[in-house]
Each structure stands twice: as C-alpha cells, then as structure tokens.
Amino acid sequence: MSCTTNKQVDLIVFNAKVYTVDSSFSNAEAFAVKNGIFIDIGTNAEMQKKYTAREVIDAQGMPIYPGFYDAHAHFLMLAELMEQVDLSGSKSFDEVVNRLKAYQKINPNKKWIVGGGWDQNLWPDKAFPTKDSLDKYFSETPIFLSRVDYHAAVANSAALKIAKIDSAVHVEGGVIGVGPDGKPNGLFIDNAMQLVSKYIPEPKEEELLARLQKAQDSLFSVGLTSIVDAGLSTEQLEDLKKFYQKNELKIRDYAMIAGNPHSIEKYIKDGIFESDRLTIRAVKLMADGALGSRGACLLDHYHDAPTRGFLLHSPAEFDQVIKKLANTEFQVNTHAIGDSANRLILDTYGKYLKDGKQRRWRIEHAQIIAPTDFPKFAQFHIIPSVQPTHATSDMYWAEERLGAERMKGAYAYKRLLEQYGMLALGSDFPVEHFNPLYGFHAAVARVDKAGFPQGGFQMEDAISRQDALRGMTIWAAYASFQEKKRGSIERGKDADFVILQADIMTAPFEELRQIKTMRTVVAGETVFLK
C-alpha cells in the first residue's frame, strides 16, 4: 500500500503546449486548477508528481491559451439577431426581400419583422434602401431592418404609421431620409432610428434569458470566456444582474452603461457593481455614427459626398458629461469613428484626465485618426479599443469615402499600438462574426476570408501574432481593470482557458480561420467540448 502526500486538486491539464501570455510570454506543459483558480503551472512531471485530481485532461499536444476576451461586443444584440432575419452578406435588395419572405413564412405570427446585417455597399447600385421597396411586398406587417453597423435602418410604411412619422422632422445627431416628394422615405440614420425602434415589442424575461443562453453557447464554441458588452440600457443591465445572481449565465461580462449626456445620474449614484462574472464600472458614450452610412464625423468632406457626417451630441454636452464622469470612479469609453470625432474626444479626455494611466479611459474603434492626433493616445494614456475585422470588411469601399490621404490614418492598428503600448481587440459582434480567430487573422494578415488582397491591406499596420494574442487576452483584461484576475494562465488567476485544434501562433495565415475550438473552460468548468 503506497502513501501519497500529493495535494488534491479539481483538475490537472497536461501534455499541452500552454501559451501562458504572462509578462515573458512563457510556455508550459501542464497546470493544476482548484476552486476555479490556476494554482500551479509547470512541466507534466511536476504537476503529476505534486497533485492528484478529480479530473485529468490529456491535451494530446494541442495548444492551450488563456480564455479569449472580446473587448468590444454586443451580447444582447447577438441574442436578438439570432431570433431575427439575418441579412448579412445579402448581395442585393432583392435578396433581402427574399430572406424576409422566407422568414415570414416560418414565423407567420410575428407582430413585427425585425432584422439586421444589410450593407448597401455590397449591392450593384450601392443605393440605400427605402420603404417603397418594402411596401410592395409587406404592406401590413411593420418591418425594421438595421444596417450591418447598427447606425442606419430602413422601415416600411406600416412601421412609420405605428411611429406616427409622416414628416421629416429635425433630429439632433440623426437623419430622417426623404424622397423626391419631401416625405420620409423609410431610411433612418443614428439617433433618428429610435423614433421607430422604440415601438418594437420587448421580449419577456424568460425569452430574453433563453436567447442569451443560446448566444452564450455560440460564444463558448469559439473559445470566448469574457466579453465587453458595449453599451446597455438600465433595463438590460438590471436583467443581466438578475440572471447572473441566479447563476443562469456563465460567460464573464464587463457591461458598459449606455450613457448619454442626459442619463448618467442614476449610475453615478449607484456606483460600481462587481460580482464574479458581471462587472458594471464603465460608461459608454457615442460621439458619431459609422463610415458606411456616412454618419462618422470627419474634419473635411467625405471624398464621395458633400457632407462631413455629424456628432451625435454637441461638443458642449460631451464636455459636460466627461467632466462629470472624471469626478467619479467610472471608466469612460467613447465610440469614435471619424477623425473629427476622435480629435474632439481625445482633447476632451485630455482636458479632464489628471491621471490617465490610472483611469484607463478608452476610445472604441479609433478608426480614422488625423496624423497630429496619434500622439494624444500616449500623451493622455488613452487605450485604443479596435476591431481588426472592420478593416477587412471596410477595405473594399473605405477609400471611396475617405480618399487616399486620409486612408493613411485609418485602421492604423500598428501605429496605435506603438503609441499606447497595448491594443484591446474585439469583434463588435454581431456587426462582425463573433469568432475571435477571424479578428486574429485580420490583425496579423490583413486579408479577408478569401485571402484578398494579395499581400494584405495596408500591411504597415499589421501587428504580430504575439501582440494579437495579447490583445484578445491580457490587454483586453487590462482595458477592463481585470489583468490581475484573468487574461493569462498564471497562479491565482481565474482558470479560464481554451484548447484549440491547431496552433494559431504557427499555423499558415490561410488556415487560421478554419482552426476549431476543442474545449472551452470557465473557472475550471468545461462549458464547451467538441
């Protein structure tokens, strides 16, 4: 009979190529987990000699990484879209109509038909859709279809009737499209979208939970263990709190408050909320719209239209709200696409940040930056939170919008990395696909799924694989004040990790998007197994 002094743990993983993503980017072969925490990392022999475990995983030489962290996403929007008409990739408005007809056939009792994902830049005429093309086929059922970036939408006459919209009123930070007759044509951009969307029925609580759990399963299946929920209403935040308190959701969610200059008092009063898997300590502001719908605010006219886009609130309102938040503990994260919006936010942040390094304020997207504004990220310690797949989605038409000169400061991830020393990488799902390997591929290869363009798009702004992996693990955690708890495989941290079928650090570029997730683990619990 043998005596053992081995320490009892919950899980030992061995025979792996472990990328710890610690400060020296070291590799290991094995680790031990107890109570949801990594307690030891080392060689196969060390772990098996020191510990006995209830569960043992032989990784069979496969690579293991810290659980992937999407630094900018929309969990509730993804959950909603899974129940709606998915219009992504539609090659014409006729295809949109056909998808709507098919959806209505399967869902004949839906009071509204809601969808998202269309992009007029993929259509032959590149023209924005209008209500006329919808009314022809759907005269009774109200329809509301968001553009791929969720910064524009088209509605039919039935929806306009419910919203009582029969004239093109002025909307601050938004546009109501008009036809030749001067009447609303069904197109709504940015803040104008709410005039119709507020009438769409909300799901019941149990329906919302079921949708979120379905979306969560999809996220786990691609190795995501943590996400940043980029902008939620009070009601949505309260729903999430309830679900997490009952342990009905498992993915870690850093939820940003959808703040606008008029509605942050409640959040300041409530203070920071933090539980094991849900954190609410950031306010998300919206500076401008999107490039594809020409709502991004530019310093000069668009290259293909006599407009500069627009801000969603006035500079004075941004100044007021940022000043107010500077006197709280809340992190401020602002959506800014155009070079004018980025300049305004960088300068306003700089005005009120006494210690930017400590505050970790972020600019979400940081998509088009004027040459003189890049150094401000370093000067004010502003974190660039970027989405690499936006570059490879927009590259077909971005130069039409911006012209060759402004393109030099667009999707410039390498330059932003050099300024701040870190990038938080996300996907902006469901605007883009939620698979983090698509973002990894776009960041390092700068090509689309077909490998276009040959040699890569603006390759001077590609980043290394090591930095891309950091951006979707430890740097994403840092950008959410969580680098001491997660983002790397180190002693004392949450045991969140992912096992992939092949090594993204060495696989050829053209294979990266096909690599499958074999297992996803959150706090030592397997939440996905292939």
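Q60 lies in the loop between β6 (51-58) and β7 (63-66), where helices (H or I, at least four residues) and strands (E, at least two) are DSSP runs numbered from the N terminus. The model is a predicted one, in which local features need pLDDT of at least 70 and side-chain atom pairs count only at pLDDT 80 or more, while totals for chains, interfaces and linings use all residues. Residues are numbered from 1 along each chain as its sequence is written, and side-chain values use heavy atoms, with hydrogens and water left out.

Although Q60 is not a glycine, its phi is positive, at about 55°. Most residues other than glycine have a negative phi, and most peptide bonds are trans. Q60 is exposed, with a relative accessible area of 61%; exposed means over 50% relative accessible area, buried under 20%, and partly exposed in between (1.4 Å probe, protein chains only). K164, in the loop between α5 (157-162) and β13 (174-178), also has a positive phi, near 55°. With a relative accessibility of 69%, K164 counts as exposed.

Two peptide bonds deserve attention next. The bond from F429 to P430 is cis, with omega near 5°, and P430 belongs to the loop between β22 (424-425) and α17. The bond from F452 to P453 is likewise cis, with omega near -5°; P453 is placed in the loop between α17 and α18 (465-471).

What lies in the interior? The largest nonpolar core contains 118 residues, and those with the most contacts inside it are F68, L291, L469 and I504. A nonpolar core is a set of buried Ala, Val, Leu, Ile, Met, Phe, Trp, Tyr and Cys residues joined through side-chain atoms within 4.5 Å. A second, separate core of 20 residues includes V97, L100, A152 and F310. Contact means heavy atoms within 4.5 Å. Apart from its neighbours within four places in sequence, L291 is in contact with residues that include A296, Y302, I337, W397 and L402.

A305 is in the loop between β18 (278-286) and α10, and it counts as buried because its relative accessibility is 17%.

Two helices can now be considered in turn. The expected span of a helix is 1.5 Å times one less than its number of residues. For the 12 residues of α8 (residues 234-245) this gives 16 Å, which agrees with the 16 Å between its end C-alpha atoms. The buried residues of α8 include L237, L240, F243 and Y244. An α-helix has 3.6 residues a turn, so residues three or four places apart point the same way. Just after α8, N247 takes a positive phi of about 55°.

Helix α11 (residues 339-352) has 14 residues and should span 20 Å; its end C-alpha atoms are 20 Å apart, in agreement. Because 11 of its 14 residues are buried, α11 is largely enclosed by the rest of the structure. Among the buried residues are D339, N342, L346 and Y349. The buried residues of α11 pack against α10 (315-326), β19 (331-336), β20 (362-365), α13 (374-379) and α15 (398-407).

Leaving aside neighbours within four places in sequence, A477 is in contact with Y69, Q482, E483, R486 and G487. A477 and A424 are 53 residues apart in sequence and 8.2 Å apart in space, C-alpha to C-alpha.

Finally, there is empty space to consider. Rolling a probe the size of a water molecule over the atoms shows where empty space is left. On a 1 Å grid over the protein atoms alone, a cavity is a set of points where a 1.4 Å probe fits but cannot get out, and lining residues have an atom within 4 Å of a point. Grid points are joined across faces, edges and corners, and a volume is the space filled by probe spheres set on the points. By this rule there is 1 cavity of 30 Å³ or more, and the largest cavity has a volume of about 110 Å³. Its lining comprises 14 residues, of which L425, G426, S427, P436 and G439 lie nearest its centre. The largest share of the lining, 3 residues, comes from α17.

Notes
1 Å grid on protein atoms, 1.4 Å probe; cavity = no way out; pocket = protein on both sides within 12 Å on 5 of 7 lines; lining within 4 Å.
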